[in-house]
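Hello,

Here is the structure I promised to hand over, with my notes below it. Please have a look at it first and then read on.

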Amino acid sequence: MSETYTVSVEDVSKSFGAFKALNGVTLRVRQGEIYGLLGPNGAGKTTLIRLICGLLEAHAGTVTVLGQRMPNVGVLRHIGYMTQQAALYPALSVEENVRFFAAINGAEDGVKEALELVQLYDRRGSVVATLSGGMRQRCSLACALVHRPELLLLDEPTVGIDPQLRVQFWEYFRSMAAAGTTMVVSSHVMDEADRCQRLGLIQYGRLLAEGTPAEIRGQGGSQNLEEAFLALAGRRES
Ligand SMILES: Nc1ncnc2c1ncn2[C@@H]1O[C@H](COP(=O)(O)OP(=O)(O)O)[C@@H](O)[C@H]1O
Ligand SMILES: [Mg+2]
């Protein structure tokens with residue numbers, strides 16, 4: 001029997017003008033899995049995430065999320081998307097921001113739980129503009145997950161945050177995945193790769209390699225993931 005996937009990207013290509021940002025990418029993510037999309041700046045991570053949530057349309061190939069061919073507006077309420085640049089209203093309070101995203105998705109009852117998860121319940125009255133970068137990042141995460149999405153797309157969620165908060169974020173992610181949420185997390189930081197169940201290495205719009213962190217080490221011939229990645233990238237170029 002063929003397995004059904006929460007996310008299925010089949011031979012997808014996407015160009016901006018003459019520039020091919022994604023070139024024949026195929027990957028599949030199972031329910032409750034944390035899939036890490038790893039690659040340097042400009043590799044195509046954000047483009048792929050936008051295709052998965054249907055903000056962009058592929059020029060070739062297909063993207064299917066929760067059984068529906070994307071783009072599909074109906075699927076959006078089952079997806080949470082934390083963008084690379086925080087998309088918060090700076091003049092509103094933490095709670096007002098989260099409440100706004102909840103209202104869009106008809107999920108006002110999730111506000112308190114989301115604020116508690118990211119440990120901002122006590123700061124819910126603070127205006128976002130007055131928050132530290134880490135708190136803003138936590139607020140963005142609360143906005144992305146307040147409607148209890150089945151699929152969470154996190155575009156470099158831990159860039160620019162301190163190691164302590166990074167550990168906390170991964171604790172949230174793991175507990176959400178354990179509860180059945182599927183996650184695609186992009187990163188260009190290799191030390192995060194080990195926290196994912198499966199990795200896709202992406203460069204120049206192509207998937208170079210895919211597997212568990214252990215498998216990637218094996219394929220790249222190094223115990224060090226960064227070295228393994230570079231070895232795999234070099235092999236592709238030569
Ligand atoms: N809207 C756009 N118009 C033109 N080029 C784009 C656009 N979005 C992305 N690109 C280009 O596509 C490539 C991949 O970008 P992106 O997906 O943002 O990479 P990453 O997230 O891995 O850093 C880059 O070269 C980028 O400049
Ligand atoms: Mg990006």
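In which sense does α2 pass α4, in a right-handed or a left-handed crossing? Keep in mind as you look that this is a predicted model. The crossing of α2 past α4 is right-handed. Helix α2 spans residues 94-104 and helix α4 residues 133-145, and their axes come within 8 Å, crossing at roughly 25°. With angles under 35 degrees counted as roughly parallel, the two helices are therefore roughly parallel to each other. On the α2 side the contact is made by Val94, Asn97, Val98 and Phe101, and on the α4 side by Cys139, Ala142 and Cys143. Six of these contact residues are nonpolar, one is polar and none is charged.

Staying with α2 for a moment, its buried residues are Val94, Glu95, Asn97, Val98, Arg99, Phe101 and Ala102. Among the elements that cover them are α3 (111-117) and α4. Just after the end of α2 you will find Gly106, which takes a positive phi of about 60°.

Now to the sheets, beginning with the one made of six strands. This sheet is open, its order is β6-β7-β8-β3-β9-β10, and its pairing is mixed. The edge positions belong to β6 (79-82) and β10 (206-211); each has a single partner strand, so one side of each is left without a neighbour in the sheet. From one strand to the next, the twist averages 15°.

Strand β3 (residues 34-38) and strand β9 (residues 198-203) pair in the parallel sense over four bridges, and Leu38 has Leu201 in β9 as its bridge partner. By contrast, β9 and β10 run antiparallel and are joined by five bridges, with Leu199 standing opposite Gly211 in β10. The hairpin of β9 and β10 has two residues between the strands, and Tyr204 there takes a positive phi near 45°.

What about helices on this sheet? Helix α5 (residues 163-178) lies across β3, β7 and β8, and runs at about 150° to β8. Helix α1 (residues 45-53) also packs on the sheet, where it touches β3, β6, β7 (151-155), β8 (182-187) and β9; the direction of α1 makes about 155° with that of β7.

Helix α1 comes up again with the other sheet, as it lies across β1 (7-16), β2 and β4 and runs at about 120° to β1. That sheet is open too, with four strands in the order β2-β1-β4-β5 and antiparallel pairing. At its edges stand β2 (19-29) and β5 (68-69), each with a single partner strand, so one side of each has no neighbour in the sheet. Two bridges join the antiparallel strands β4 and β5, and the bridge partner of Thr64 in β5 is Arg69.

Is Leu55 buried, exposed or partly exposed? A residue counts as buried with 20 or more other C-beta atoms within 10 Å and as exposed with 12 or fewer. Leu55 has 15 C-beta neighbours inside 10 Å, so it counts as partly exposed. Along the chain Leu55 and Met70 are 15 residues apart, and their C-alpha atoms are separated by 9.0 Å.

Enjoy exploring it!

Best wishes

How values were computed
Residues are numbered from 1 along each chain as its sequence is written. Chains are lettered from A and ligands numbered from 1 in the order in which they are written. This is a predicted model: local features need pLDDT of at least 70, side-chain atom pairs count only at pLDDT 80 or more; totals for chains, interfaces and linings use all residues. Axes are lines fitted to C-alpha atoms, for helices over the stretch in contact, and angles run from 0 to 180 degrees between N-to-C directions. Angles under 35 degrees count as roughly parallel, over 145 as roughly antiparallel, 65 to 115 as roughly perpendicular and the rest as oblique. A crossing is left-handed if the near helix is turned anticlockwise from the far one by less than a right angle, and right-handed if clockwise. Two residues are in contact if their C-beta atoms, placed from the backbone, lie within 7 Å. Ala, Val, Leu, Ile, Met, Phe, Trp, Tyr, Cys and Pro count as nonpolar, Asp, Glu, Lys and Arg as charged, and the others, Gly among them, as polar. Two strands pair if DSSP finds at least two bridges between them.
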